[in-house]
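Please examine the structure shown below.

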Amino acid sequence: MPYRRTGRSGLRLPAISLGLWHNFGTDRPLERQQAIVRRAFDLGVTHFDLANNYGPPPGAAETAFGRIVRQDLRPYRDEIVVSTKAGHLMWPGPYGEWGSRKSLLASLDQSLGRTGLEYVDVFYSHRPDPHTPLEETMGALHTAVQQGKALYAGISNYSPEQTREAARILRELGTPLLIHQPRYSMLDRQPEEGLLETLTDVGAGCIVFSPLAQGLLSSRYLDGVPPGSRAAGASPFLSSDQITEETVAMLRGLNEVARERGQSLAQMALAWVLRDSVTSALVGASSPEQLADSVAAVERLGFDDGELARIEELLAQGPAPR
């Protein structure tokens, strides 16, 4: 597993990190969740990414991870990086979401209680709050670090302009912005419109979520929508309407490029997001085998100019990027 320095900080993250957004709720057996985390750690995936509202129900992923830490990872706490976030709806009432000092610091205390940890390595503002001054939100992250409840501060889903201002505020407070977590994949390239450049300028790292576009950039949809897939269900993140003939043709073309590289389509998609200024790619997993398959992407991260040109041509023929 290669490890990459996070911006200008001293922290290095694995190229592949495990996200617990899906598959770590009470609807999945703890034994399977435990097996996924164990396999991840054995493969060098030392970073585990959470949020207060991951589940279902909200909070369940942190609770499950806390049990796994107590049973398996407690002796290795200094060898793992644990991150969590606050900002999306977590509990009813005026303080259960967004970015006020009250909401963020209360949520962090609850996250520490669910995980049983004394601190998290990274605490994120999960989304910008249009109703709270950015100085207050960043001040809350700074306080979390000053209190020793987090080692680093991060943000997620912020625009390039918001990111630059957040970095300025944090720098003046004395808690540099460590990292930004945006959505980024071959099919969602918005970070290329200024965010990646901004992160380089301010010295922050970048860890991307949904690098496989909720599973669309995998072999599952090469023949349309299979029964039991995310697109076949009621997922708000991927619907069968998105799996058009045009999309399938594009996916098959990308799969052929991946085959010639000796990779699966998912592995190539992960290597693609990691090709430039991205520190780490977050992957989800429903089994230890799926996690191991994703990690195998690190065996070939480089692209030649011809491969990149073919990928761009195929992407141009597919649906417009989101």
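Arg77 is located in the loop between α2 and β5; helices (H or I, at least four residues) and strands (E, at least two) are DSSP runs numbered from the N terminus. The model is predicted, so local features need pLDDT of at least 70 and side-chain atom pairs pLDDT 80 or more, while totals for chains, interfaces and linings use all residues. Residues are numbered from 1 along each chain as its sequence is written, and side-chain values use heavy atoms, without hydrogens and water.

Arg77 counts as buried because its relative accessibility is 10%, buried meaning under 20% relative accessible area (1.4 Å probe, protein chains only). Beyond its neighbours within four places in sequence, Arg77 is in contact (heavy atoms within 4.5 Å) with Val82, Leu117, Tyr119, Val120 and Asp121. Leu117 lies 40 residues from Arg77 along the chain, and their C-alpha atoms are 9.3 Å apart.

Helix α2 comprises residues 60-73. From first to last C-alpha, this 14-residue helix reaches 18 Å, close to the expected 20 Å, which is 1.5 Å times one less than its number of residues. Of the 14 residues in α2, 10 are buried, among them Phe65, Ile68, Val69 and Leu73. Their cover includes α1 (30-42), β4 (47-49), β5 (81-86) and α3 (101-115).

Among the residues that line the second largest pocket are Tyr158, His180, Arg183 and Leu195. A pocket is an open set of points on a 1 Å grid over the protein atoms alone, where a 1.4 Å probe fits, with protein on both sides within 12 Å along at least five of seven lines; lining residues have an atom within 4 Å of a point.

Terms used: Buried < 20%, exposed > 50% of the residue type's maximum accessible area, 1.4 Å probe, protein only.
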